[in-house]
Amino acid sequence: FIVQLLKDWCAPHGWLWKIKFQFRAMNQVNETLKAWAKVTETHKTDDYGLVGFEIGLLNDNEKESTPGTATVALPFKDGKPVPYPFIPPKEAPPSY
């Protein structure tokens, strides 16, 4: 769910570059889950921008079951597309 959320958010011109998360609780059948993402940082490279996120899944009781982080590469407004295949930038900060 989280990957789909981020892919839909950055499509069609951006790329989900990195994602990591942990399964910390079981989600039950018929439970409603809410995938969420919050922008935590941004960084400009020469060719495109990077956006860092906190991510997760919340259950019916608002309990976080799958916390994590992600980084998306997006083109600049009216800029050229993020290259395919995606090549990670050399000048990305360590937190990315």
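Reader: Among contacts in the protein between residues at least 6 apart in sequence, what percentage join residues at least 24 apart?

Author: The share is 63% of those contacts, where contact means heavy atoms within 4.5 Å. Please note that this is a predicted model, in which local features need pLDDT of at least 70 and side-chain atom pairs count only at pLDDT 80 or more, while totals for chains, interfaces and linings use all residues. Residues are numbered from 1 along each chain as its sequence is written, and side-chain values use heavy atoms, with hydrogens and water left out.

Reader: How many helices and strands does the protein have, and what pattern do they follow?

Author: There are 1 helix and 4 strands, and along the sequence they follow the pattern α-β-β-β-β. Helices (H or I, at least four residues) and strands (E, at least two) are DSSP runs, numbered from the N terminus. The C-alpha atoms fill a box of roughly 45 × 25 × 20 Å along the principal axes.

Reader: Which residues of helix α1 are called buried, and what is known of their placing around the helix?

Author: The buried residues of α1, which spans residues 2-10, are I2, L6 and C10. Buried means under 20% relative accessible area, exposed over 50%, and partly exposed in between (1.4 Å probe, protein chains only). Seen down the axis of α1, the buried residues fall within an arc of 50°, so they line one face of the helix; the arc is that of the directions from the helix axis to the C-beta atoms. An α-helix has 3.6 residues a turn, so residues three or four places apart point the same way.

Reader: What covers the buried residues of α1?

Author: The cover includes β1, β2, β3 (49-58) and β4 (68-74). For L6, leaving aside neighbours within four places in sequence, the contacts are L16, I19, A37, F53, I55, A70 and V72.

Reader: What makes up the largest nonpolar core?

Author: A nonpolar core is a set of buried Ala, Val, Leu, Ile, Met, Phe, Trp, Tyr and Cys residues joined through side-chain atoms within 4.5 Å. The largest has 10 residues: I2, L6, C10, V51, F53, I55, L57, A70, V72 and L74. The elements giving two or more residues to this core are α1, β3 and β4, and β3 gives the most, with 4 residues. A second, separate core of 5 residues includes W17, L50, A73 and V82. In the protein as a whole, buried residues make up 31% of the 96 residues.

Reader: Which nonpolar residues form a patch on the surface?

Author: V3, I19, F21 and F23 form it, with about 360 Å² of accessible area together. Patches are made of residues with over 30% relative accessible area and no salt bridge; like charges are joined within 9 Å, and nonpolar side chains (Val, Leu, Ile, Met, Phe, Trp, Tyr) within 5 Å. Accessible areas come from the Shrake-Rupley method with a 1.4 Å probe, and for residues only the protein chains shown count as cover.

Reader: Why is F23 called exposed?

Author: F23 has a relative accessible area of 67%, and the cut-off for exposed is over 50%; F23 is therefore exposed. F23 is found in the loop between β1 (15-21) and β2 (34-44).

Reader: What makes the pair K80 and D47 a salt bridge?

Author: A salt bridge is a side-chain nitrogen of Lys or Arg within 4 Å of a carboxyl oxygen of Asp or Glu. A search of the whole structure finds 1 salt bridge.

Reader: How are K80 and D47 classed, as buried, partly exposed or exposed?

Author: K80 counts as exposed at 54% relative accessibility, whereas D47, at 38%, is partly exposed.
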